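Reader: I am new to this structure. Please walk me through it in short steps.

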Amino acid sequence: MSDSKFKNPIVAWIDYRLPVFTFMEHELHEYPTPKNLNYWWNFGSLAGIILVIMIVTGIILSMHYTPHTALAFDSVERIMRDVNYGWLIRYVHMNGASAFFIVVFIHIFRGLYFGSYKSPRELLWMLGVVILLLMMATAFLGYVLPWGQMSFWGATVITNLFSAIPIVGDTIVTLLWGGFSVDNPTLNRFFSLHFLLPFVIVGVVVLHIVALHQHGSGNPIGIDTKSPQDTIPFHPYYTIKDLFGLGVFLIFFFGFVFFAPNYLGHPDNYIEANPLVTPPHIVPEWYFLPFYAILRSFTADALIFLPFSWLMTAKLAGVLAMFASIMVLFILPWLDHSPVKSARFRPIYKQFYWLLIIDCFILGICGAKPAEAPWTYISQAATAYYFLHFLVIIPLLGFFEKTKPLPTSISEPVLKGGGGASVAAGAKPMEKA
Amino acid sequence: MVSSGDTAEEAAHGAVEGETRRDFLMLATGAFGAFGAAAAAWPLIHQMNPAADTLAASTIEVNLEPIQPGQRVLVKWRGKPVFIVRRTKEQVKEAGAVNWSGLPDPEPDSKRTQKPEWLIVVGVCTHLGCIPSGSKPSEVKGEFGGWFCPCHGSHYDTSGRIRKGPAPKNLPVPEYKFLSDKLVKIG
Ligand code: HEM
Ligand code: FES
């Protein structure tokens with residue numbers, strides 16, 4: 001014990017028996033991180049912080065919330081009007097869900113641009129996709145809880161997706177509902193699961209970080225770190241950078257919370273659920289819009305699945321396409337077999353990357369519009385392009401794209417003065433990492 | 001050590017015979033265990049299905065007396081709306097005259113009613129569960145004079161059959177029985 005690396009005797013005593021301090025030292029302080037990470041690398045830790053915010057505000061909300069069809073809506077209104085700072089906690093939770101998706105979408109598109117999903121980080125990436133799926137489930141369940149019109153009809157439309165499954169579909173829907181429509185049993189179980197899933201997310205996040213620390217962070221150039229010259233310790237360099245990013249994020253976030261808390265929501269959700277009146281225009285929360293557009297792009301008039309028409313209804317095709325739009329992300333590490341990671345050295349991929357982003361925005365707009373011409377045709381085209389990107393363009397680029405030469409090390413572009421504005425700052429090599 | 005144990009085992013049972021016996025025991029135990037696990041999981045899954053009180057509340061009786069010819073009413077059954085329509089003679093004739101074999105979910109009008117005058121269907125769009133409009137006189141009834149689902153644009157006719165749009169099936173006909181001329185039991 002006397003030779004412990006910890007000076008504080010209590011810390012040393014504990015660490016000898018339960019090596020939490022060694023663990024923290026290893027994962028946070030010694031953990032070598034590429035020295036060229038840019039601000040796109042802030043969004044992972046930001047997502048983690050939002051997860052904590054969601055859990056804290058969520059547990060507080062559930063101290064005041066009542067999961068019963070007759071009481072839920074009023075209990076949320078009571079949180080808003082009577083509970084001390086209830087309005088703040090609920091608005092943070094509500095806008096926190098949106099912020100979570102913004103941050104995670106940016107995090108994912110960072111990965112797409114810099115090829116973060118490539119070997120040896122395939123499992124890291126796939127765990128990320130699992131987190132996205134769990135987040136979507138959690139947010140959907142949470143949106144049902146305030147029991148407004150959009151809560152109820154969103155729940156009805158989404159649970160009905162499962163009725164598209166041949167033969168057992170209706171049985172599954174009854175099982176999900178615990179009745180013959182979305183009703184009190186449904187609300188109760190949705191509350192239970194909405195409480196549970198975030199903790200499952202925490203578990204998957206831990207695995208995500210274990211996988212990350214196995215090979216370390218990637219970097220904007222996409223070549224491996226080769227010497228201690230290429231890395232700096234995570235703490236204090238990136239802890240301080242992440243904290244700065246958090247500060248900027250919180251300014252935006254609380255701008256929404258305080259000045260436009262309902263900007264991203266739908267006013268109909270302040271009308272209590274009425275099972276006998278469907279709102280004229282059902283829209284999901286903004287973060288589901290692109291997926292909703294893919295779902296709706298399969299209309300009865302689309303004949304492409306004619307050979308399967310005995311089994312494949314337009315409804316089932318839409319549901320399958322919606323799930324497939326996320327499943328393509330799962331297999332992306334194998335669809336994209338170009339050896340070059342970063343789009344900086346892939347001139348053609350870079351252009352298709354931006355087209356994909358535009359395509360996703362178009363899908364999002366279509367998802368918010370009523371299902372009528374011309375929007376149905378636009379979303380059909382955008383859906384087709386989405387799959388074309390992942391299933392055809394990406395694999396072909398692996399064969400045909402002529403990539404730019406890679407630098408030999410992370411330090412090289414900086415030392416040679418290729419690093420733009422940061423030349424002067426980076427000109428002096430790190431003595432020791 | 002391990003290998004000598006193996007050899008002793010083989011010597012005792014004879015290699016081939018001993019292995020098949022062991023395999024059988026392993027398989028039998030595994031199957032038994034899997035069955036037990038499935039039996040234990042069933043209550044955990046089945047608890048999600050409708051509970052006894054939910055099932056008990058699942059029939060209603062409707063008095064048809066006040067409904068005028070041509071009028072549509074909407075009643076709540078199992079948490080969802082049921083459309084009851086007292087159809088006029090012309091409406092019945094019109095619904096019967098449709099060439100139904102070419103419809104997306106082919107069904108003759110006669111198969112969808114017990115008495116042609118009374119159309120009783122579950123008012124839940126078979127696409128994704130919205131409630132089609134058309135029950136109130138002021139509401140849009142769609143291109144076929146029945147109902148129109150605003151969610152993704154499905155048109156139903158005066159027999160509740162799907163005629164246009166993404167819904168795959170006709171509005172379902174619930175189980176019902178005329179207790180008398182003017183009283184119907186649904187469910
Ligand atoms: C992954 C993290 C989470 C996400 C994405 C999320 C998302 C949501 C959303 C979108 C709503 C509806 C907001 C509204 O319109 O009012 C909601 C409500 C709610 N959530 Fe969460 N949530 C998360 C974590 C949690 C946790 C951990 C708990 C409890 C332990 C919780 C408890 C609640 C409660 C009680 C409500 C209903 C009150 C209300 O509507 O404001 N949430 N959640
Ligand atoms: S739910 Fe009626 S058309 Fe989609």
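Reader: In what order do the 3 strands S5, S6 and S7 of chain B stand in their open sheet?

Author: This is a predicted model, where local features need pLDDT of at least 70, side-chain atom pairs count only at pLDDT 80 or more, and totals for chains, interfaces and linings use all residues. Residues are numbered from 1 along each chain as its sequence is written, while chains are lettered from A and ligands numbered from 1 in the order in which they are written. Strands (E, at least two residues) and helices (H or I, at least four) are DSSP runs, numbered from the N terminus, and two strands pair if DSSP finds at least two bridges between them. The pairing here is antiparallel, and the order is S5-S6-S7.

Reader: Which strands stand at the edges of that sheet?

Author: An edge strand has a single partner strand, so one side of it is left without a neighbour in the sheet. The twist averages 35° from one strand to the next, with axes fitted as lines to C-alpha atoms (for helices over the stretch in contact) and angles from 0 to 180 degrees between N-to-C directions. The edges are S5 (145–149) and S7 (162–164) of chain B.

Reader: Which residue in S7(B) does Tyr156(B) stand opposite?

Author: Strand S6 of chain B covers residues 154–157. S6(B) and S7(B) run antiparallel, joined by 2 bridges. Opposite Tyr156(B) stands Ile162(B).

Reader: Which helix gives the most residues to the shell around ligand 1?

Author: The shell holds 25 residues, the closest being Met54(A), Gly58(A), Ala97(A), Gly142(A) and Pro198(A); a residue is near a molecule if its C-beta atom, placed from the backbone, lies within 6 Å of it. By class, 18 are nonpolar, 6 polar and 1 charged (Ala, Val, Leu, Ile, Met, Phe, Trp, Tyr, Cys and Pro count as nonpolar, Asp, Glu, Lys and Arg as charged, the others, Gly among them, as polar). Helices H3 (43–62), H5 (86–114), H6 (122–144) and H9 (184–215) of chain A each give two or more residues. With 7 residues, the top giver is H3(A).

Reader: How many residues of chain A are in contact with chain B?

Author: Contact is a C-beta distance within 7 Å, with those atoms placed from the backbone. Chain B brings 25 residues, of which 13 are nonpolar, 9 polar and 3 charged. Strands S2 (72–77) and S3 (80–86) of chain B each give two or more. On the side of chain A, the number is 28.

Reader: Is Ala72(A) buried or exposed?

Author: Ala72(A) lies in helix H4 (72–81) of chain A. Beyond four places in sequence, its contacts include Leu145(A), Trp147(A) and Leu187(A). A residue is buried with 20 or more other C-beta atoms within 10 Å of its own, exposed with 12 or fewer, and partly exposed in between. Ala72(A) has 24 such neighbours inside 10 Å, so it counts as buried.

Key
Contact = placed C-beta atoms within 7 Å.
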